[in-house]
Amino acid sequence: MFDAFLVPEKTIVTAKGDSAALDVGMASSAIFLVTLSIATVVEQESIEVTLFTSPDGTTWDAKPAASFPLRFYVGVYPLLLDLSASAGAKFLRAHWEVNRWGRGATEAKFEFGLRVREVSREALQEAQAEAQARG
């Protein structure tokens with residue numbers, strides 16, 4: 001099972017940026033659980049994380065494959081990423097935008113990480129069946 005960090009845990013960012021390319025082509029499934037873990041924030045700031053795919057790790061799709069909603073607080077936020085419709089998607093990259101407002105220092109500061117784990121089709125089908133049963 002594929003399990004890797006797109007952004008290492010406790011990475012500190014103060015400006016917008018991009019992660020290195022992560023090769024997800026070796027995964028046996030095209031469905032991934034991407035977990036955004038925010039460990040530290042300061043007041044009055046936000047972070048937005050967007051995921052992009054590429055067939056070669058160099059040329060990136062203009063449209064994001066998925067995006068996390070704007071986040072303001074410490075926490076762990078999961079996102080299911082299904083790349084099965086993107087047959088050429090072999091690499092994944094994160095882009096983040098940070099914003100700070102209000103009084104005091106104007107530089108944003110986030111400590112976060114992004115983990116990418118493969119989700120087997122069987123596990124996904126089991127979760128969907130359980131959700132329908134609860135209905």
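Please bear in mind that the model is a predicted one. Followed along the sequence, the pattern reads β-β-β-β-β-β-β-β-β-α.

The C-alpha trace spans about 50 × 40 × 25 Å along its principal axes. The chain has 135 residues, of which 40% count as buried. Among contacts between residues at least 6 apart in sequence, 81% join residues at least 24 apart. The charged side chains number 13 positive and 17 negative, with the centres of the two sets 4 Å apart.

I now come to the aromatic rings. How many aromatic pairs does the structure hold? There are four. One of them joins phenylalanine 2 and phenylalanine 32 edge-to-face, at 6.0 Å centre to centre and with 80° between the planes. Phenylalanine 2 lies in the segment before strand 1 and phenylalanine 32 in strand 4, so this pair ties together parts that are 30 residues apart in sequence. Both phenylalanine 2 and phenylalanine 32 are buried.

A further edge-to-face pair is formed by tryptophan 96 and phenylalanine 112, with 5.4 Å between centres and 75° between planes. Here tryptophan 96 belongs to strand 8 and phenylalanine 112 to strand 9, and the pair links distant parts of the chain, 16 residues apart. Tryptophan 96 and phenylalanine 112 are likewise buried.

Finally, ring pairs link Phe72, Tyr73 and Trp101 into a cluster. Thank you for your attention.

Methods
Residues are numbered from 1 along each chain as its sequence is written. This is a predicted model: local features need pLDDT of at least 70, side-chain atom pairs count only at pLDDT 80 or more; totals for chains, interfaces and linings use all residues. Side-chain values use heavy atoms; hydrogens and water are left out. Rings of Phe, Tyr and Trp (its six-membered ring) pair if their centres lie within 6.5 Å; planes under 30 degrees apart count as stacked, over 60 as edge-to-face and the rest as tilted. Helices (H or I, at least four residues) and strands (E, at least two) are DSSP runs, numbered from the N terminus. Buried means under 20% relative accessible area, exposed over 50%, partly exposed in between (1.4 Å probe, protein chains only). Contact means heavy atoms within 4.5 Å. Lys and Arg count as positive and Asp and Glu as negative; His and the chain ends are not counted. The place of a charge is taken as NZ of Lys, CZ of Arg, CG of Asp or CD of Glu.
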